[in-house]
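Me: Can you walk me through this one? I'd like the overall numbers, then the sheets, then a couple of residues.

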Amino acid sequence: MQIKVSDYVIKFLIQKHIKTVFGYPGGVVCHLFDSFKKFENEISLKLNYHEQASSFAACSYALASGNIGAAIATSGPGAVNLVGGICNAWFDSIPVIFITGQVDTYMLKDKLKIRQFGFQETDIVSIVKPVTKYCVRILKPEQIEYELEKACHYALNGRKGPVLIDLPADVQRAFIDKNKVRKYKPNEKCNTDFNHRLILNNLNRAKRPIIIAGAGIKQSGSSELFNKFVQKWQIPVVMSMPSVDAVEYESPYCCGFIGTNGHRYANISLIKSDLIIALGTRLDIKQTGAKRNIFSSDKKLIRVDIDKGELEFKVLKNEVGVNVDLNVFFKKMLEYEVDFASRDKNWLLTVNSIKSKLEFQNDTEIAHKFVRRISNIAGCNVQYTLDVGQNQVWAAQAIEFKKGQNVFMSSGLGAMGYSLPASIGVFEALKKPVIAFAGDGGVQMNIQELQYIAANKIPVYVIVLNNKTLGMIRHFQEKNFSSRYILTTKNTGYHALNFEKAALAYGIKYKKILSVNELEYINFQNITEPMIIEIVLPDTTYLKPNFGKEVIYDQEPQIDRELLKQILNM
């Protein structure tokens, strides 16, 4: 049976249950775009207004849907514009297939000692090889099934991540015999063996166990199993910032997120434990402090991670590394009966008491009050996306996540301009309203996606926390360069946008907020249309708390010494 290669690619995506693909047209992807039209009842091709936005939308779509995401771009500048999202997917372990068009095979420079032969020819495969699990240029039409299957297998198995298929235009328009193409047969086997008895014994003997929930829980699609595990074993949970939504805020097991700007009660609860179970987290220095040896030095540490390389980068010499998929880990541990004989019967009461005493100690900025109020009145089905910068940390500190709410952010790469296109991916995956937090700087990096939410009338509230500066870097310059501000304030080269005029230009509703009480007049319970909500903040804003000089729990600015002493003695 003869089939056009571009048609085969689209049918393959449909077979992988991908319902939405993000992209931008270009000369050497026209055959692929034409094939999308043939199958428009089965798969939707969405136009972003910049390829980087397509790549970020594909990342958040993958995380929200639990399936592989997809983005498509033309050769040269189109392909290069995907690199930000490819890096984001790599560092955050997100399965996304990126498809790039390429010039005809006879226009490739190949071994010619010239810089370029075909117009917009760019060797995207060599560029992204370090930040993909698999990338390949397909030079022969009959390779198409083998390479697509191989790429998707790599993306979805083991530690997940991005893959890229570079497809020359003459390969796209070629025809193949579907029954004669080469097949891909994976030979890797999932590791399901681990020393579960050792884990069980440590859990049963622990007096004050605590879990560090990492982003790997969401990335592995094991959130439901994780919550069953927590409730069965009745273990309090602290989280890394990307997984701050792992346990709902009102749960007795929710102890906040740890690290540099984490909740004080989370860091203190962590150091009061005697057994730490780190699940799907790499324990970077923003969590442990620069002196990794002071983290958990008097405790037992068990780390569960699908990536053996992460376990080889030890925090403690005597830590226990468990190299297994979290789904396998949870299913096995849920088989066992719980023995609470050694458990401190007041442990849960203790961590909740610490939380109650320090719950709002992080609310040092007016921004916290705005974010917390939005969180309180937002509907239970609302999803959140965060940009990078002060807005991200304020939101992580102040949002009180309800059951069913999730947060999406650029964690490892830390890309400004992420939140707005990510809100598009989340909505297209879940068809739920989104609140997209951003700073006045970050939102301008992909502001063209306001056209997407306006044209498609998707229910996204873009919350711009506007301090009219690049706040995080301004603060860094204040602390470390004697307040010599460069390109971060109005007087030194940075200019914030007039967001009211931007909203008018894009045909989106707009509201300026000067006080927390004004939020009551906005419908956060039932978001049905796009809106820009500009929250006006002082020019001088800060991220507090920060790590202390020696111990992670005594963050700066320091809290009352008597209160700290009382809590540490609990």
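Reply: The notes below go from the whole chain to single residues. This is a predicted model, in which local features need pLDDT of at least 70 and side-chain atom pairs count only at pLDDT 80 or more, while totals for chains, interfaces and linings use all residues. Residues are numbered from 1 along each chain as its sequence is written, and side-chain values use heavy atoms, with hydrogens and water left out.

Me: What radius of gyration does the protein have, and what would a compact globule have?
Reply: The protein has 25 Å, in agreement with the value near 25 Å for a compact globule of 570 residues. The radius is taken over C-alpha atoms, and the globule rule is 2.2 Å times the number of residues to the power 0.38. Along the principal axes, the C-alpha trace spans about 75 × 60 × 45 Å.

Me: How many helices and strands?
Reply: There are 23 helices and 20 strands. These are DSSP runs numbered from the N terminus, with helices (H or I) of at least four residues and strands (E) of at least two.

Me: What share of the residues is buried?
Reply: 58% of the 570 residues count as buried, where buried means under 20% relative accessible area with a 1.4 Å probe, protein chains only. Among contacts with a separation of 6 or more, 75% are between residues 24 or more positions apart; a contact means heavy atoms within 4.5 Å.

Me: On to sheets. What is the strand order in the one with E11?
Reply: That open sheet of 6 strands runs E11-E10-E9-E12-E13-E14, with parallel pairing. Strands E11 (254-257) and E14 (320-323) are at the edges with a single partner strand each, so one side of each has no neighbour in the sheet. The twist averages 20° from one strand to the next. Two strands pair if DSSP finds at least two bridges between them.

Me: How many bridges join E12 to E13?
Reply: 5 bridges join E12 (residues 275-279) to E13 (residues 300-305).

Me: Glutamine 383: buried or exposed?
Reply: Glutamine 383 is buried, with a relative accessible area of 1%. Its place is in strand E15 (residues 383-386).

Me: What does its side chain reach at 3.1 Å?
Reply: The side chain of glutamine 383 reaches the backbone oxygen of asparagine 381 at that distance. A polar atom of the side chain also lies 3.0 Å from the backbone oxygen of glycine 404.

Me: Last one. Where does isoleucine 527 lie?
Reply: Isoleucine 527 is in the loop between E19 and E20, and is buried at 7% relative accessible area. Isoleucine 527 and valine 460 are 67 residues apart in sequence but 7.3 Å apart in space, C-alpha to C-alpha.

Notes: Axes are lines fitted to C-alpha atoms, for helices over the stretch in contact, and angles run from 0 to 180 degrees between N-to-C directions. Buried means under 20% relative accessible area, exposed over 50%, partly exposed in between (1.4 Å probe, protein chains only). A polar contact is a pair of N or O atoms within 3.5 Å; within protein, one must be able to donate a hydrogen and the other to accept it, and residues adjacent in sequence count only if both atoms are side-chain atoms.
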